[in-house]
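My notes are kept in the order in which I looked.

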Amino acid sequence: SESSPTILGLPLKYVSLVTLAVQNAALSIVMHYSRVFTPPSQAYSPAAAVLLNELLKGSISLVIAFVRVCNASDAPWSRKPLSAANRLYREIFSPDCWKLSIPAILYVVQNSLQFVAISNLPVATFQVTYQMKILTTAAFSVALLRRRLTPMKWLALTFLALGVGIVQIQTSSGRKPQKEIPVGSASELAPFHHMSPLKGFGAVTAACFTSGLAGVYFEMVLKNSKADLWVRNVQLSLFSLIPALLPILYAPQPLNSRGLFLDLFNNFGGWAWATVATQVFGGLITAVVIKYSDNILKGFATSLSIILSFLASVVLFHFRITPSFVLGSSTVLIATWMYNQPAGKEVPPIPNVMMT
Ligand code: C5P
């Protein structure tokens, strides 16, 4: 389809996959700390974070799209911005822009579920169960993109999910969560630590489905049309604003309200901003990965991030490498190798009855 672009001589496809792996490792840490290190009385509003995420991502994408249209335009220099703005407006509000409303709603729901999950489950448990999105993504790729996966690839995907689970179970036993609570504030944190695992698991499971469906749907929209990735991103963010604003508009107002939008950014401190920044960056990178690679490979990149973050903690925090880490990461590596085996020519492409 499209010629593969490069960045500093390296294929964008691989650069974006590695960047996503690093971003993923950072997000779970920053997001968790932003919720756990603050007493409930000083907690920020997840709805505000979700809204801000969309506003920032949309604005950045708009600027990138604008610069691209400007560069491509052959209008005289002085008239470039105006003609570019005109053209961009027509592209953004194109007749098929409604297609983005589906992934937009799904992503907002997913981003909100993520906050529910991370507040009700230990971080490692959250990460283990969230890996099931590898399988939901594959299932939706088969169903919606008519992608054929050989039994070998399904086996590889199952191993991938298993391996990630093994690495993370071991990570969770290596951490001592009670040590995360700053001394002196334990009583204040107590209500926040009343987690509801059932609610957490429900949220993660639902998030796995929205993740798989939204990602594959976005991939379908991107790959079935010529429209620019950044224009698609702007459309996505625009549609996201509706579901992101609804819970804010319908939230009960506190008695000493300073006004809807001022209340919203109460307690929005450094960690909250760091969470949003990491999410915005992640959203942009995810879009690039989906465009130049695909959703299934994205699953492999994020699995890699789990190994990376573990190795980083060995170096930084003197974590010890344990047998289960070795077992889990070998499983991930073998799964990656299995998935990337070219299908043997001697095997005819048998229609996969199970999946249709
Ligand atoms: O975990 P998963 O890969 O499903 O998460 C995708 C994340 O990327 C979501 O938080 C979503 O909001 C974001 N995203 C985005 N823009 C895109 C595609 C995904 O912000 N075009």
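**Entry 1: the model.** I am working from a predicted model, and I read every distance and angle below as a computed value.

**Entry 2: the ligand.** I first asked which residues come nearest to the ligand. Of the 14 residues around the ligand, I noted Lys57, Asn111, Lys133, Ser211 and Asn233 as those that come nearest. Sorting the shell by class, I found six polar residues, five nonpolar ones and three charged ones. I then looked at which helices contribute, and at least two shell residues each are supplied by helix H4 (101-120), helix H9 (197-223), helix H10 (229-250) and helix H12 (270-292).

For the polar atoms I went through the side chains one by one. An oxygen atom of the ligand has a polar side-chain atom of lysine 57 at 2.3 Å, and an oxygen atom of the ligand lies 3.0 Å from a side-chain N or O atom of glutamine 110. On the nitrogen side, I found a ligand nitrogen atom 2.7 Å from an N or O atom in the side chain of asparagine 233.

Entry 3: Rolling a probe the size of a water molecule over the atoms shows where empty space is left. How many cavities of 30 Å³ or more does the count give? I found one, and I noted about 80 Å³ of space in the largest cavity. Its lining consists of Lys133, Ile134, Thr137, Ala138, Asn295, Ile296, Lys298, Gly299 and Thr302. Two elements give two or more residues to this lining, namely helix H6 (133-145) and helix H13 (295-317), and the largest share, five residues, comes from H13. By class I wrote down four polar, three nonpolar and two charged residues for the lining. Lys133 turns up in both of my lists, in the lining of the largest cavity and among the residues that come nearest to the ligand.

**Entry 4: helix H6 and the residue after it.** Staying with H6, I looked up which of its residues are buried, and found Lys133, Ile134, Thr136, Thr137, Ala138, Ser141 and Val142. Arginine 146 follows H6 and sits in the loop between H6 and helix H7 (151-174). Its phi is near 55°, which I marked as a positive value in a residue other than glycine.

Entry 5: Asparagine 267 is not a glycine either, yet I found a positive phi of about 60° for it. Asparagine 267 lies in the loop between helix H11 (260-264) and H12. With a relative accessible area of 36%, asparagine 267 went into my list as partly exposed.

**Entry 6: two buried polar side chains.** I next wanted to know what the side chain of glutamine 235, a residue of helix H10, reaches. Glutamine 235 has a relative accessible area of 2%, so I counted it as buried. A polar atom of its side chain lies 2.8 Å from the backbone oxygen of isoleucine 92, and a polar contact of 2.8 Å joins the side chains of glutamine 235 and arginine 232. Asparagine 120, in helix H4, counts as buried because its relative accessibility is 9%, and buried means under 20%. I found that the asparagine 120 side chain reaches the backbone oxygen of valine 116 at 2.8 Å.

**Entry 7: pairs separated in sequence.** Alanine 206 is in helix H9, and at 31% relative accessibility I noted alanine 206 as partly exposed. Between alanine 206 and glutamine 110 I counted 96 residues of separation in sequence, while their C-alpha atoms are 7.8 Å apart in space. For another pair I took threonine 6, which has its place in strand E1 (residues 6-7) and is exposed, with a relative accessible area of 53%. Threonine 6 and asparagine 71 are 65 residues apart along the chain, and 18 Å separates their C-alpha atoms.

Notes
Residues are numbered from 1 along each chain as its sequence is written. This is a predicted model: local features need pLDDT of at least 70, side-chain atom pairs count only at pLDDT 80 or more; totals for chains, interfaces and linings use all residues. Side-chain values use heavy atoms; hydrogens and water are left out. A residue is near a molecule or strand if one of its heavy atoms lies within 4 Å of it. A polar contact is a pair of N or O atoms within 3.5 Å; within protein, one must be able to donate a hydrogen and the other to accept it, and residues adjacent in sequence count only if both atoms are side-chain atoms. Helices (H or I, at least four residues) and strands (E, at least two) are DSSP runs, numbered from the N terminus. Ala, Val, Leu, Ile, Met, Phe, Trp, Tyr, Cys and Pro count as nonpolar, Asp, Glu, Lys and Arg as charged, and the others, Gly among them, as polar. On a 1 Å grid over the protein atoms alone, a cavity is a set of points where a 1.4 Å probe fits but cannot get out, and a pocket is an open set with protein on both sides within 12 Å along at least five of seven lines; lining residues have an atom within 4 Å of a point. Grid points are joined across faces, edges and corners, and a volume is the space filled by probe spheres set on the points. Buried means under 20% relative accessible area, exposed over 50%, partly exposed in between (1.4 Å probe, protein chains only).
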